[in-house]
Amino acid sequence: MSGDPARQAVGNLIYATTAGTFGLGTDEALVEETLRNCTDPFMRQQIAAEYQRQTGRSIDDMIRSEASGIQADIFRSLAAGDTEGANAARAEEAMHGGW
């Protein structure tokens, strides 16, 4: 893969949602790590555009189809650059067992 960080991030997201860990569903840890590591707003826009180009769907669509509940809240927060919101959702999950 090229040295383009946006393309690398998109590659991670596609892998995490199609192949996952041993092909057993979504690799939620990789999705979260990829989204969490993107702290630059311009880079988030590039990732969203490249993801749309490569998959034909938005990152929001991916989140809706691959996650639910608190995990979806974490992904949505991170995709929007809201690390504090993601951390709050993670704390909520820890307090209530993710249900």
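How many helices and strands does the secondary structure of the protein chain come to? I found six helices and zero strands, where helices (H or I, at least four residues) and strands (E, at least two) are DSSP runs numbered from the N terminus. From the N terminus on, I read the elements as α-α-α-α-α-α.

Before going on, I noted that this is a predicted model, where local features need pLDDT of at least 70, side-chain atom pairs count only at pLDDT 80 or more, and totals for chains, interfaces and linings use all residues. Residues are numbered from 1 along each chain as its sequence is written, and side-chain values use heavy atoms, with hydrogens and water left out.

**Entry: α1 and α3.** I looked up helix α1 (residues 5-18) and helix α3 (residues 41-55), whose axes come within 9 Å and cross at roughly 55°. Axes are lines fitted to C-alpha atoms, for helices over the stretch in contact, and angles run from 0 to 180 degrees between N-to-C directions. The angle therefore makes α1 oblique to α3 (under 35 degrees is roughly parallel, over 145 roughly antiparallel, 65 to 115 roughly perpendicular and the rest oblique). I listed the contact (heavy atoms within 4.5 Å): α1 gives residues including Val-10, Leu-13 and Ile-14, and α3 gives residues including Met-43, Ile-47 and Tyr-51. By class, this contact has nine nonpolar, four polar and three charged residues. Ala, Val, Leu, Ile, Met, Phe, Trp, Tyr, Cys and Pro count as nonpolar, Asp, Glu, Lys and Arg as charged, and the others, Gly among them, as polar.

**Entry: α5 and α6.** Which way do α5 and α6 run relative to each other, parallel or antiparallel? The axes of helix α5 (residues 69-79) and α6 come within 7 Å and cross at roughly 165°, so I wrote them down as roughly antiparallel. Among the residues in contact are Ile-70, Ile-74 and Leu-78 of α5 and Ala-86, Ala-89 and Glu-93 of α6. I sorted the residues of this contact into five nonpolar, four polar and four charged.

**Entry: the end of α6.** Helix α6 (residues 83-96) has 14 residues and reaches 20 Å from its first C-alpha to its last. Gly-97 follows α6 and has a positive phi, near 70°.

Key:
The expected span of a helix is 1.5 Å times one less than its number of residues.
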